[in-house]
Amino acid sequence: MEISFVTKYGAVVYKAGDGYITDDGNKIHVTRKVAESGLADALKLAREQFGKGVDIEGGAAFKERIINVAVNHKIDIRFNDARMEKTRAARVKTQERVLSK
């Protein structure tokens, strides 16, 4: 992931396909047009900066997308939202069972 530019406030902006990922130091924001690979990059960046436990803000559809990305890209991350984490963990177990057959 390459830096596109840095804002006058110090936020780092990355180009991610047709969208952008912005790291303001406290949160990582993604635009609607960020594809799955860009969301994976954003999750990896969040894990690197904030550790394994992260908070995800957004609507239900966005949170579902984030869970899918974390599982599909095998990103070692945990969600602080109990419902999201339970869903992520269940999908990881299912994926492991399928792969072990």
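This is a predicted model: local features need pLDDT of at least 70, side-chain atom pairs count only at pLDDT 80 or more; totals for chains, interfaces and linings use all residues.
Q: How much space lies in the largest pocket?
A: Let's start with the lining, which is made up of 19 residues. By class, 11 of these are nonpolar, 5 polar and 3 charged. The space in this pocket comes to about 480 Å³.

Q: Which element gives the most to the lining of the largest pocket?
A: Nearest the pocket centre lie Ile28, His29, Asp55, Ile56 and Glu57. The elements that give two or more residues to the lining are β4 (28-30), α1 (36-50), β5 (53-54) and α2 (60-72). With 5 residues, the element that gives the most is α1.

Q: Which residues of α1 are buried?
A: Helix α1 has 15 residues and reaches 21 Å from its first C-alpha to its last, close to the 21 Å expected. The cover over its buried residues includes β2 (12-16), β3 (19-23), β4, β5, α2 and β6 (78-79). The buried residues are Gly38, Leu39, Ala40, Ala42, Leu43, Leu45 and Ala46.

Q: Which residue with a positive phi follows α1?
A: The phi of this residue is near 90 degrees. The residue that follows α1 is Gly51.

Q: Is Glu85 buried or exposed?
A: Glu85 sits in helix α3 (residues 82-100). Its relative accessible area is 17%. Buried means under 20%, so Glu85 counts as buried.

Q: Which backbone nitrogen does the side chain of Glu85 reach?
A: Leaving out residues up to four places away in sequence, Glu85 touches Ile77, Arg78 and Phe79. At 2.9 Å, its side chain reaches the backbone nitrogen of Phe79.

Key: Residues are numbered from 1 along each chain as its sequence is written. Side-chain values use heavy atoms; hydrogens and water are left out. On a 1 Å grid over the protein atoms alone, a cavity is a set of points where a 1.4 Å probe fits but cannot get out, and a pocket is an open set with protein on both sides within 12 Å along at least five of seven lines; lining residues have an atom within 4 Å of a point. Grid points are joined across faces, edges and corners, and a volume is the space filled by probe spheres set on the points. Helices (H or I, at least four residues) and strands (E, at least two) are DSSP runs, numbered from the N terminus. Ala, Val, Leu, Ile, Met, Phe, Trp, Tyr, Cys and Pro count as nonpolar, Asp, Glu, Lys and Arg as charged, and the others, Gly among them, as polar. Buried means under 20% relative accessible area, exposed over 50%, partly exposed in between (1.4 Å probe, protein chains only). A polar contact is a pair of N or O atoms within 3.5 Å; within protein, one must be able to donate a hydrogen and the other to accept it, and residues adjacent in sequence count only if both atoms are side-chain atoms. Contact means heavy atoms within 4.5 Å. The expected span of a helix is 1.5 Å times one less than its number of residues.
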